[in-house]
Every structure is written in C-alpha cells, then in structure tokens.
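Here is a brief report on one structure. It covers cores, a sheet and helix packing.

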Amino acid sequence: MNKTKKIVATCLCIVFIFNLVGCGSEKSDNETVTQTVNDQRYETSEEKTSEENTKESYTTTEEVKISGATNDAGSITESDYGRESYSNVPENKIIDTIGENTSTFSIDVDTASYSNVRRMLNDGAKPYPDAVRIEEMINYFDYNYPEPTNDIPFSITTSTTVCPWNEENLITMIGMSGMEIDSEDLPPSNIVMLIDVSGSMNSPDKLPLLKDAFKNLVENFTDQDRVSIVVYAGAAGVVIEGEEGSNYRAIERALDSLSAGGSTAGGEGIELAYDIASDYFIKGGNNRVILATDGDFNVGLTSHLELEEFIEEKRNSNIFLSVIGFGTGNIRDDIMELLADKGNGNYAYIDSYDEAVKVFTKEFSGTMFTIAKDVKIQVEFNEDIIKNYRLIGYENRVMANEDFENDRKDAGDLGAGHQVTALYELELVNPDERIIETMYEVKLRYKDPDSDRSEGIAVVEKIHEIYMNPYDDMNILWALTVAEFGMILKDSPYQGYSSLDRVSEQARYCTNRTNDKYKEEFLQLVDDYIYNYGDETADVSEYKVIYIDN
C-alpha cells in the first residue's frame, strides 16, 4: 500500500505551468498548475491575494478546494477541481399544510448538474454536494409522457406512489412534455457563438471538444439561418458574421481556426456578441447568444451585477442567452446557471462528445427553440388529506405564491420537446384511510414566446387508487430512483431509508425494459459508486425532519 502511494505521489509531482483566468472582470495574474494523474487533467490555482479572489464573488457561493487524494488502489477519489464554484442553496424544507398549503416554483429545463456530476463520478470522485441539483438530474432523462393534444403547447401528467425511502409517505409526480416541432417547421435562427479562447481553454476537454460540439450544432442550420462567431481572450473579435447557416464549410473552417492562448483581460465580448445579434435580428425567429467557456467571465463589463442587468435588458428585446460549460478546474457553475436564467436560456455542461451530440443534435429543437416562456407551477394541497409536503429539488426556483399571477416575475422557459418533472414527498393526515377526495390542484401559467401576458390552466389530481408498488409506473419509478441517488450524493437530511442497492435494483429494472443508453449509463455510474464506496445506506437515527416556521 505504501509503495502504491509513493508511486502516486511521484506522479503528482509532474506539473506544467499555464495561465489561469479568474472569475472577476479585471485582469487576473493568477498562475495555474496543471497536474496529470491517471490520464486525467486537473487545474489548481495559486491565488495572488485573497482580496483579488473575492472581489467579484457571490456571497452564496462556496469555492471548491478538494485535495487530490487517492484510495489504496491508487485511483482518484477526490479530484482536484481547482477553483470551481457552486451555489450553496439549502434544500427545501418539509412544510405543514395547516400553515401553508400552497407551493409555487418556476420550471427548470437545465441539465448541467447531471453531466457535471457524471464527470466527477467518472473521475472517481465523490461529487461536491452543492454540485448536485436533483431536479436537473431528473430532467436529464426522457419520460413516456403523452403528447399535447390541444392548443396548449405542453401536456400535463400526474402520478402518485409509495415513497421508497419512507414507506409511510407518498411521492407524487407532476410531469410536463412540450410539443415537438418538425425541423421543416422550425423558425429561422440568428445564432451568435461567443467563445472563450483564453489560455485556460488549452485542454482536450475544453476548446477542442467545444469545436466538435458546435460542428454538431452547425449541421442543423439551413440557408434561412444566420450564424456569427465572436471570440474573447485578451480582446474581443469577430471571426465570422451573419453567415448563411447552410454554408457549413465556412463556419466549420472558422471554428477550426480558433486556438487557445494569451491572457484574459476581457474586452467587449458579450456586448459585441449582442450587437451582432441585434444587427441580424430575425423578427419571430430564434435570436440567441451561446456563451461557451470553461468558467472565464472576463467579457468586458465591470461587474457580475452589471452583466446580469445587461443580459436581462437584452432578454426583454427577445435576444436570449444560453450557456455551455466545458472542462475541469475552472467551472463557475453558480454564475453560469444564473446568467442562463437571466437570459431566458438554458445551461448545459458538455463533458464528452456524446453529450455534445445529445445537446446539439438529439435535443436541438429543445435547446434552441422556446415554445412557452415564464412557466410557473403552483400546487394547492388539500390540508384535510395532506399533512405536510416537501418539493424535491428546485431550491433556486421556488417563488413567492403571490408571484404566480405576476407577469413581471421571470420564470423558466420550455423548449420544443423538452420535458419537466417535479416530485413532492407527502405525509398523509390519515395514512390508513382510502383517499376519495381531491389531494391537490395543479395550476400552471405560461406566456407564448412573443407575448408579455400569461395564460393559465389547472389540473385537479383526484386519486382513488395509488400505485402501491412504484414498479407499476415506469415514469415515476425512474424519477424517484434518480432523486434517491441524488439525495445520497448530497447526503441529504431528508434521505430517510435511502439505499444505493435499491437505486441500482430499480435502475436495472427500468433499463431492462427500455432501450435508453443514458439510463444504462446511469446504472453503470450507480454500480461503480457502490463498488468504490459500498452501499452507504442512510443511518435512520440521523434522519432530520425540519418544519418551516408558521
């Protein structure tokens, strides 16, 4: 064992020096040490001063500093993720319906958390708890929801079953499925790719992967689309402007010409990108800036607050922002998610070529085209039946109940073909009595993409029979399986009798009945985690029930 550790320690001593960019708006003089361990590359930063590091940071963010520890076999168990940052948002509490029987939240179609967590697990590391956003893990996968059948651009599905990790409670699922749009019916696109080409992007999982990802995107464009490329590093510049989408070769040559290098003093990258998007604005089309970076936000504005306000302003002119993250060691997950939210776009993290294909080819219409914006969900529970409830995930999407009908309050957008799933854990007032009354009512509000006024619909969930066995409904079985794994990874105080073995068993049951490589990959991640760490079944004596103050 000692000999193995000495060998690993010797490998860790092989270092190469690169320039690493800070997250602030001013030039960073930080130096980066890149380590190569077991063919994995990780970046660590030696900060100049603590004042420089915190100048533009958010108060709710914790910066991840994990040592490159190894287990007895010499594999990475806690990779060095450098200066990655994640929002520290407490999990939703259990709420007593007598004090508050209504729950309101915005939808979330982002999937970055799952692919980012997958990256960490594939590195052999336990994911940082704040990197785990359970709703994004659930929404990464496809569900067998019905297609919309009327003028509403999405369908609504509800289902209820017994909670596996606390059998005295129920799990209820609310699912949405956006209408599909045939490729020939898609509106024209005006896309500006805003690409980070700073020195920190000089890694196989960053700029080279980024190029391949955008080449997948380009293959979807036609002659009615317009494509521009803006880069930023020491300065901002236009590589290609207003090119017809069908001119694949010109766009791909422009992507191939990009190389990483130099400092990251900033420039006017994002302002230039939005200026070009405005110049080629397509009325009634998909006007969008796609920011692709490993975490560097030195894009020309003097503070993150100013950047947020600028993006919100442009959102109101129907130019949206999507954010795509790449690489290891510099990810600013907290800021990436926030900017995409402010820009009415989506946030994805690409950790492999397969993920690039998923985001830009398989889910092209959902990634690029909005069918409903500012989508809000409000659930009103019957306090005579439901004693308390807890929304699983969506912590940074929870809204005040009075904002449900406030059209000035921004919420998440639904893309073509996108699906959204939300789970509530419920405790019944009388668990031994058969439910013959309405458990809850679901209300939804949304705006058409070109409208500023919302429309509302309602769904009443009146249940006479509950799935006593979760295996009777494949949709809810998969969703609660992913949720249970997420709670284990977060070491959630609400995980009850959670079990990795049960997660594996349920995931295997689902994958044996579907032909879904992403679900098969999830099962492999779970089994690998069990192999590395064992079945860390929760200690029920530590199960914390927290009630909100009424």
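How many residues does the largest nonpolar core have, and which of them have the most contacts inside it? The model is a predicted one. Its largest nonpolar core has 39 residues. Ile138, Phe141, Leu423, Trp478, Phe485 and Phe522 have the most contacts inside this core.

Several elements give two or more residues to the core: helix 3 (112-122), helix 4 (134-139), strand 11 (170-178), helix 12 (474-490), helix 13 (500-511) and helix 14 (517-533). Helix 12 gives the most, with eleven residues.

**Leu423**

Is Leu423 buried or exposed? Leu423 has a relative accessible area of 0%, so it is buried. Leu423 sits in strand 21 (residues 419-428). Beyond its neighbours within four places in sequence, Leu423 is in contact with Ile138, Ile171, Thr172, Met173, Arg390, Leu391, Ile392, Ala479, Leu480 and Ala483. Leu423 and Gly393 are 30 residues apart in sequence, and their C-alpha atoms are 8.1 Å apart in space.

An open sheet of six strands runs in the order 14-13-12-15-16-17. Its pairing is mixed. Strand 14 (236-244) and strand 17 (347-350) stand at the edges. Each has a single partner strand, so one side of each lacks a neighbour in the sheet. On average, neighbouring strands of this sheet are turned by 15° against each other, direction ignored.

Strand 12 (residues 189-196) pairs with strand 15 (residues 286-293) in the parallel sense, over seven bridges. Ser189 has Asn286 of strand 15 as its bridge partner. Helix 6 (residues 248-256) lies across strand 12, strand 13 (226-232) and strand 14. Helix 6 runs at about 165° to strand 14.

**Helix 7 against helix 8**

Helix 7 (residues 269-279) and helix 8 (residues 304-315) pack with their axes 12 Å apart. The angle between them is about 5°. Angles under 35 degrees count as roughly parallel, and helix 7 and helix 8 are therefore roughly parallel to each other. The residues that make the contact are listed here.

| Helix | Residues in the contact |
|---|---|
| Helix 7 | Ile270, Glu271, Tyr274, Ser278 |
| Helix 8 | Leu307, Phe310, Ile311, Lys314 |

By class, the contact of helix 7 with helix 8 has five nonpolar, one polar and two charged residues.

Definitions and conventions
Residues are numbered from 1 along each chain as its sequence is written. This is a predicted model: local features need pLDDT of at least 70, side-chain atom pairs count only at pLDDT 80 or more; totals for chains, interfaces and linings use all residues. Side-chain values use heavy atoms; hydrogens and water are left out. Axes are lines fitted to C-alpha atoms, for helices over the stretch in contact, and angles run from 0 to 180 degrees between N-to-C directions. Helices (H or I, at least four residues) and strands (E, at least two) are DSSP runs, numbered from the N terminus. Angles under 35 degrees count as roughly parallel, over 145 as roughly antiparallel, 65 to 115 as roughly perpendicular and the rest as oblique. Contact means heavy atoms within 4.5 Å. Ala, Val, Leu, Ile, Met, Phe, Trp, Tyr, Cys and Pro count as nonpolar, Asp, Glu, Lys and Arg as charged, and the others, Gly among them, as polar. A nonpolar core is a set of buried Ala, Val, Leu, Ile, Met, Phe, Trp, Tyr and Cys residues joined through side-chain atoms within 4.5 Å. Buried means under 20% relative accessible area, exposed over 50%, partly exposed in between (1.4 Å probe, protein chains only). Two strands pair if DSSP finds at least two bridges between them.
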